[in-house]
Amino acid sequence: MALSPEAPNDVSATATPRSTAGSIESTAAPGTAATLAAPASSASFSVEPGWLELLDRLDAESLTEIFLSRITEIDGYQAPPLPRSEIRRTAVLSFIAILDGLRFGQLDDAVAIATDVGVSRARAGVSLSSLLEAVRLDFAVLWDALTAVAEVEDAQVIVRHTSMMLRIVDGYVTQTQNAYIAEAQRIREESASLRRELLESLFSALHTSPEQLNLLARELQVEVATPLLVAAAIGNDAVALHVELAELERRGCVVHTHYLDGAVIAFLPAATKSRTHDTMCFARLSELRIGLTTAADGLAGLLAGARIARDLALALKPDELKAMTWDRGWARLAAHELAASGKPLMADIDAALAECSPARRERLLESVLSYLRTGSIADSSAELFCHRNTLSKNLQQFREITGIDPTIPNEASRLVVGWA
């Protein structure tokens, strides 16, 4: 497509760059291009008058119209991430900056519009690959326009300036990409800071409003009411937890961490029928020495879940190597709470059993513990390789000695908690 050399917004060969704005101002009449001053970073390439004459036939506005007609072919731009007026504005300034670089044989070290484009597209959520494709489209449009306005005798001029043009392309793409990457990192840091602030508020036991929970859910990319799997590790066990979390993230699990009263708290969506992938996360975490529970009501119950997970981690005995879950640990937590309150739980039972011989005490405890575990005379007698009558006799003797009948749930609960 030939572009009119009479277009009203031609970038004149007599333009002087404004390196801080990425645009140029006309300061001289056509025909004086060879006397232009170099930009801030001196050009290492001497452009020819014929090259400048070719550039005089192009203008940023016409190039922008072509660019806008083609940008919707790029993924991410079918539904423009920014207003069309903003895409037009940055396209015009980009072509001005590029034409400026082509006139002087080199871009400025810092082209303002490249930073503008990189930052604004990162903020708009445009992917880096889509952005770079759009930036390269600038040069495809420019090359097509340049070859369209060239005459046969201009071919050698274009060939001699191609390497310089490619260097301009690379420089502009690099500046735009660097600005995008830096801004994307800044966005991640801002998001992480906001997450920390919201989590700190949640874990500090201060009132968390529904609005704050919704904001936190958006930052964590979960639904507010999504059930959460909550893990806690203390001391040296935290190292193993961190290692496993890194592996889970590598496998695609999304895990978040926080600290609560000396414990590392990790949480992630719990497994559901629609989230079977998270079953693997639970299975792997279950092999660690941690406290492990579920916050069934999601973020609103996260603090309570974290406290329970921490208490479960504290309840682990030195010889226990796997996770302490609520099903396994509730009785132990209850025993700790009763002990902390100063209320005796097992003192009278221990004193009564102390009157028995060691062999008899061991036999009675073995029978009662098995029965508490199975709830069945038949199953426990099979487990202990003894007759059912023998087991029943041992349970009866335990009742006579301690006053506690392990076959009555209300009385058995005291034994379950006391021996947890």
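I count two residues as in contact when heavy atoms lie within 4.5 Å. I am working from a predicted model.

**Entry 1. Arg289**

I started with Arg289 and listed its contacts, leaving aside neighbours within four places in sequence. The list holds Asp237, Leu316, Lys317, Pro318, Glu320, Leu321 and Lys322. I then looked up where Arg289 sits, and found it in the loop that runs between helix 9 (277-285) and strand 6 (291-295). Is Arg289 buried, partly exposed or exposed? I noted a relative accessible area of 22%. Buried requires under 20% and exposed requires over 50%, so Arg289 is partly exposed. I also checked Arg289 against Ala323: the two are 34 residues apart in sequence, and their C-alpha atoms are 4.9 Å apart in space.

**Entry 2. The chain as a whole**

I took the overall figures next. The chain has 420 residues, and 44% of them count as buried. I find 16 helices and 7 strands. For the accessible surface I have about 21400 Å², with 54% of that belonging to carbon and sulfur atoms. I also looked at contacts between residues at least 6 apart in sequence, and 72% of these join residues at least 24 apart.

**Entry 3. Helix 3 and helix 6**

I turned to helix 3 (residues 84-104) and helix 6 (residues 155-203). Their axes are 10 Å apart and the packing angle is about 140°. An angle over 145 degrees would count as roughly antiparallel; this pair is therefore oblique. I recorded the crossing as right-handed. Which residues meet here, from helix 3 and from helix 6? From helix 3 I have Ser94, Ile98, Gly101 and Leu102, and they meet Met164, Met165, Ile168 and Tyr172 of helix 6. Sorted by class, this contact has 6 nonpolar and 2 polar residues, with no charged ones.

**Entry 4. Helix 12 and helix 15**

I read an angle of about 110° for the packing, with the axes 9 Å apart. That angle makes helix 12 roughly perpendicular to helix 15. The crossing of this pair is right-handed. On the helix 12 side I listed Ile349, Ala352 and Leu353, which meet Phe398, Ile401 and Thr402 of helix 15. The class count for this contact is 5 nonpolar residues, 1 polar and no charged.

**Entry 5. Pro406 and helix 16**

I followed helix 15 onward to Pro406, which lies in the loop between helix 15 and helix 16. Pro406 counts as buried because its relative accessibility is 3%, and the cut-off is under 20%. What does Pro406 touch, not counting residues up to four places away in sequence? I found Val368, Tyr371, Leu372, Leu395, Phe398, Ala412 and Leu415. Phe398 had already come up in the contact of helix 15 with helix 12. I checked one spacing as well: Pro406 and Gln396 are 10 residues apart along the chain, with their C-alpha atoms separated by 8.9 Å.

I ended on helix 16 (residues 409-418), where Ala412, Leu415 and Val417 are buried. Ala412 and Leu415 are also on the Pro406 list. What covers the buried residues of helix 16? The cover includes helix 11 (326-341), helix 12, helix 13 (358-374) and helix 15.

How values were computed. Residues are numbered from 1 along each chain as its sequence is written. This is a predicted model: local features need pLDDT of at least 70, side-chain atom pairs count only at pLDDT 80 or more; totals for chains, interfaces and linings use all residues. Side-chain values use heavy atoms; hydrogens and water are left out. Helices (H or I, at least four residues) and strands (E, at least two) are DSSP runs, numbered from the N terminus. Buried means under 20% relative accessible area, exposed over 50%, partly exposed in between (1.4 Å probe, protein chains only). Accessible areas come from the Shrake-Rupley method with a 1.4 Å probe; for residues, only the protein chains shown count as cover. Axes are lines fitted to C-alpha atoms, for helices over the stretch in contact, and angles run from 0 to 180 degrees between N-to-C directions. Angles under 35 degrees count as roughly parallel, over 145 as roughly antiparallel, 65 to 115 as roughly perpendicular and the rest as oblique. A crossing is left-handed if the near helix is turned anticlockwise from the far one by less than a right angle, and right-handed if clockwise. Ala, Val, Leu, Ile, Met, Phe, Trp, Tyr, Cys and Pro count as nonpolar, Asp, Glu, Lys and Arg as charged, and the others, Gly among them, as polar.
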